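Open the model in your viewer and keep the selection tool at hand. We will go stop by stop.

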Amino acid sequence: MKKCRILLFLFIMMLSGVLAGCGAAGQGTAGDRKEVDYTVADARKLPEELARLIEENKKEEIRMTYTDGADMYLIRGYGEQETGGYSIEVAECSEDGETVYFDTRLLGPSGQEKLPKEPSYPFLVVKIETREKDVLIQ
């Protein structure tokens, strides 16, 4: 009887894993996506309203989009960090038929440089052509 319970438990666990995998199928896979051409925007040349929104929200994590005519801006901020010396790299900027995917990574200070003692607010803004799609910023 105990052996049957163990087998039943294992079967339920395997079935749960299969069903969980099916739920993610609607999001597309990286193989279904194509790269999106983007430009890293110069923070000093952002539209005035966008620059104001980033400044107002810089202490918290930011994941937002901003559209200005033909251009769409994808913004990822990492909130307040204890020191300077951080950078951000784009891990992915791609799309499928329904969604634009934007993923970045925060890179910490290298340890080789002298760090400012003041907090910093690292963020990255990329510019793409406007699309009528959902945007997923990770």
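Select F102 and I137. I137 is the bridge partner of F102 in β8. This is a predicted model. Now show the whole of β6 and β8: they run parallel and are joined by four bridges.

Widen the view to the sheet around them. In which order do the four strands of this open sheet lie? The order is β1-β5-β6-β8, and the pairing is mixed. Colour β1 (34-35) and β8 (134-137) next. These are the edge strands, and each pairs on one side only. In general, strands of a sheet pair through backbone hydrogen bonds, either parallel or antiparallel.

Move on to β7, residues 123-129. Strand β4 (residues 71-78) pairs with β7 in the antiparallel sense, over seven bridges. Pick R76 in the viewer: its bridge partner in β7 is L124. Then select strand β2, residues 39-40. Two bridges join β2 to β7, and these strands run antiparallel. T39 has K127 as its bridge partner in β7.

Stay with L124 and show what surrounds this residue. Beyond its neighbours within four places in sequence, L124 is in contact with V40, L74, I75, R76, I88, V90, F102 and T104.

Now select the largest nonpolar core. How many residues make up this core? There are twelve, including L124, F102, I137, L74 and I88. The elements β4, β5 (87-95), β6 (99-107) and β7 each give two or more residues to this core. Nonpolar side chains tend to be buried together in soluble globular proteins.

Select R33 and Y101: the charged end of R33 sits over the ring of Y101, 3.5 Å from its centre. R76 lies over the face of Y78, at 4.0 Å from the ring centre.

Last, colour the model by confidence. The protein averages a pLDDT of 83, and 78% of the residues score at least 70. Select residues 1-26. Here pLDDT stays under 50, and the model has zero contacts beyond four places in sequence for these residues.

Terms used
Residues are numbered from 1 along each chain as its sequence is written. This is a predicted model: local features need pLDDT of at least 70, side-chain atom pairs count only at pLDDT 80 or more; totals for chains, interfaces and linings use all residues. Side-chain values use heavy atoms; hydrogens and water are left out. pLDDT is the predictor's confidence in each residue, from 0 to 100. Contact means heavy atoms within 4.5 Å. Two strands pair if DSSP finds at least two bridges between them. A nonpolar core is a set of buried Ala, Val, Leu, Ile, Met, Phe, Trp, Tyr and Cys residues joined through side-chain atoms within 4.5 Å. Buried means under 20% relative accessible area, exposed over 50%, partly exposed in between (1.4 Å probe, protein chains only). A charge sits over a ring if NZ of Lys or CZ of Arg is within 6 Å of the ring centre and within 35 degrees of the ring normal.
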